[in-house]
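The following account is intended to be read alongside the sequence and the three-dimensional model.

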Amino acid sequence: MIRIDISKCTGCKRCESACAFFRTGRINNRLARIKVMNLYEIGIDGPVVCNQCQEGYCNCCPEDAITISSLGQVIVSPTRCTLCGACEQACPVGAIEIFNDFVYVCDLCGGRPKCVEACTEGAITYDKEEQEHPSLAIFKKKAKKINPSQKRYSYLKKLGFEVRKNWRKEHD
Amino acid sequence: MIKYGYGGRILRIDLTEQRFRIAPLDSSWIKPVIGGRAANTKRLFEELNPDCDPLEPDNLLIFGIGPLTGSLLTASAYYTVTAKSPLTGILGDSAAGGQFAAEMKLTGFDQIIITGRADSLLYLIVTESGVEFVNCPEYKGKTVLATTDAIRKERKDYSIQVAAIGPAGENLVLFSTVVSSGNRVNGRTGMGAVMGSKNIKAIAVRGSLSLEVADPLAFLSEVKKIEKDILNHEEYQRRYQMGTTRLMEDLNSIGILATRHFQEGVCKYVDRISGQKLASTYKVKNKSCFTCNLHCSRYYVVDDCEAEGPEFETLCSFTSRIGNSDLPFALEMNSYLNQMGLDSISTSEVIGWIIECQEKGLISAEDLDGLSISWGETDKIREVVDMIAFRRGIGDRLANGAKKLSESFGEEAKKLVMQVKGLDIICGDPRGIKAYGLTYAIASRGADHLRAEPYFELTNRREEAKKRFGTEKAADRLAEEGKAALVSYSEKIALLTDSLTMCKNIGLCMDILNFEKASALLKAGAGIDYSPEYLKKIMGDLIDIEFKLNRRFGLKREDNTLPERFQKESFKEGPTKGSTVDIQRMVDEYYKIHKWEE
């Protein structure tokens, strides 16, 4: 799975742009399966991508369009999907989102994620063997009734809180 | 029909009528200007009434990007804001990086042209379908970050990018700025005041169109080459570590670091205010413009203050230039100026000029409502900056800039304003970098280095100098010889960089962009054939247009000069000891190259 260390992220969006470009031939953050947010007011930047969470929240598709594949990645069947939005609503961190009749979620580029190659800062790493999947339960409660952009924002804000504590510690 | 790279549309906004119009971008119009700064200048040249008052509704405010903006090309992240400058009365423009430009690309508008004036304060939401005018009286007085945050929250979309003015722009401070990505500043020539005069608090962009390049594989291969050039560059490490703030030590080591308002070129306490000191003590991480692999920007934390930056000009402007050795104070000012929306160079010039004039007895405290400041007096400087931002008390006069302020004083005091054409000079002392001196003198927006950034003269590449400019002296920082040739070459690369909306640190200072590479990038990116020779020619043509435009604004040949200090006084010590600038000679040569005989 892909791991993110937001303390190393500079907000350049090379991961996001590479994702969109290599998968669609175009650049547009809405076409990316990894989305970078710049939280200017607290100096935090970070990409949000599928965490392959323990809970598997998005795997609640009423049409059975979602399957979890061998690398743990989420695969959406375009023929079964009716764009009902249940998965988008279920994900607590905004890592799965519909745009122009298509569901955007990280599928690990089949095992060689382009975002990892694009990052020059070591903020994104990929470990095929990683078994310890994080729990997103603490983000789930707050994620009701807010859109994916808002979810990504509040998720990063929470992660950023720890990073900021370290900044102060280092500084003192 | 334009298919690749460009959005292919321009957006015209009339604030008075609260109407907008979407027009196709004419391919024959755009080809000879590419985009960005050059396209904005041409638009101003064609559509602006040159006699307009810059703060009246008929001034144009133009936001422009280029064909490769927001692409995979490293640091193709700039946008240029252009208008007639309220500070100088001539061509005004200023570029900024960060994230705004790349999002603007997704709206499909290559240029946003704003005229008129709104009845009350509003912000604009620009999407692919046009503009929404949003009244926001409650935003009055908000900082840039607070404005950005409020708009994103209100719209429930945190990918929105915002270019806003702070209180200084609202109060029409003549050197106020437009700021995006929280701390990315369109700093020079008072574009914030033009925006303020139109009653626009912010322009927010959010698009859902996509950028397509003509030949993705060829484009990718060109991009990879440039990325490699950056990673292998000898300056890569220091730039990554310190960004432009490395110049504190670099300029000091050759005796040209603006110190005590250009009375000295060597700062004895540079170690306490250097880029090195900043990086090792207060920097917490690197920051970056869109898709850049250099990541030369930085975020710092100091006491109660934190922000992105500062760049060299702000750091020097609020340390050695005003005789201050307190680095945390300069960092506090960086954040404060960005949030208020004030240009650090012009703000520093007002302060430095007052201090020097008061020290020399040319201006008294009574002349300035009881204000007296001396070198490094940080508490007072903090207070003065605040008074400027809100035009409070004497701040109201200071807010018109050093040159206008000086007009009510004697000749000696007037001469001490470090400006050309009304724009305050940057922090590199031209006595030790002659090509820069020429650049400050001829720059079409006033005393500034970015119009040519002839960094080559500092590289000591003597053989290359001979090959490129006919004399080894072009790489000798103290020589006047060959500098007109150097500047008239690098001003074209500077304009090319601005028109592609690439970063000048990379394109120009690191000597990475040239006409051949630009030609390949444009072919693969925008699908348009530009031969290197043609690019060179059109850049020359555009510099002629800037010249003509400024002539319409009343600029004369004798305005291309430097303050007397740089021509007549030399330093008594340091590596630039004994040197003055023969500016007339260089300007004459420069005019000859351009065939601009009047």
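B:Ile34 lies in the loop that joins helix H1 (27-30) to helix H2 (36-47) of chain B. Helices here are DSSP runs of H or I with at least four residues, strands are runs of E with at least two, and both are numbered from the N terminus. The model is a predicted one, in which local features need pLDDT of at least 70 and side-chain atom pairs count only at pLDDT 80 or more, while totals for chains, interfaces and linings use all residues. Residues are numbered from 1 along each chain as its sequence is written, and chains are lettered from A and ligands numbered from 1 in the order in which they are written.

Although B:Ile34 is not a glycine, its phi is positive, at about 65°. B:Ile34 counts as buried because 29 C-beta neighbours lie inside 10 Å. The term buried requires 20 or more other C-beta atoms within 10 Å of the residue's own; 12 or fewer make a residue exposed, numbers in between make it partly exposed, and the C-beta atoms are placed from the backbone.

A:Lys13, in the loop between S1 and H1 of chain A, has a phi near 70°, a positive value in a residue other than glycine. Since A:Lys13 has 31 C-beta neighbours inside 10 Å, it is classed as buried.

Where does A:Ile4 lie? Its place is in strand S1 (residues 2-4) of chain A. A:Ile4 is buried because 21 other C-beta atoms lie within 10 Å. Apart from neighbours within four places in sequence, A:Ile4 is in contact with A:Gly46, A:Pro47, A:Val49, A:Ala123 and A:Ile124; contact means that the C-beta atoms of two residues, placed from the backbone, lie within 7 Å.

A:Cys53 belongs to the loop between strand S3 (44-48) and strand S4 (66-68) of chain A. It counts as buried because it has 21 C-beta neighbours inside 10 Å. Neighbours within four places in sequence aside, its contacts are A:His133, A:Pro134, A:Ser135 and A:Leu136. From A:Ala18, 35 residues apart along the chain, A:Cys53 is separated by 24 Å between C-alpha atoms.

In chain B, the peptide bond from B:Gly309 to B:Pro310 is cis, with omega near -15°. B:Pro310 is placed in the loop between strand S15 (305-308) and helix H12 (312-317) of chain B.

Attention now turns to the helices of chain B. Helix H14 (residues 344-359) of chain B has 16 residues and reaches 22 Å from its first C-alpha to its last, close to the 22 Å expected at 1.5 Å a residue; the expected span is 1.5 Å times one less than the number of residues. H14(B) is mostly covered, with 14 of its 16 residues buried. After H14(B) comes B:Gly361, whose phi is positive, near 75°.

Helix H21 (residues 483-500) and helix H26 (residues 583-594) of chain B pack at an angle of about 50°, with their axes 8 Å apart. H21(B) is therefore oblique to H26(B). The contact is made by B:Lys483, B:Ala484, B:Ala485, B:Val487 and B:Ser488 of H21(B) and by B:Met586, B:Glu589, B:Tyr590, B:Ile593 and B:His594 of H26(B). Axes are lines fitted to C-alpha atoms, for helices over the stretch in contact, and angles run from 0 to 180 degrees between N-to-C directions. Angles under 35 degrees count as roughly parallel, over 145 as roughly antiparallel, 65 to 115 as roughly perpendicular and the rest as oblique.

Helix H23 (residues 515-526) and helix H24 (residues 532-552) of chain B pack at about 105°, their axes 8 Å apart. This angle makes H23(B) roughly perpendicular to H24(B). The residues in contact are B:Phe515, B:Glu516, B:Ala518 and B:Ser519 of H23(B) with B:Pro532, B:Leu535 and B:Lys536 of H24(B).

Finally, the contact between the chains takes 31 residues from chain A and 32 residues from chain B. On the side of chain A that touches chain B, the elements giving two or more residues are helix H1 (14-24), strand S2 (35-39) and helix H5 (148-171) of chain A. H5(A) gives the most to that side, with eight residues.
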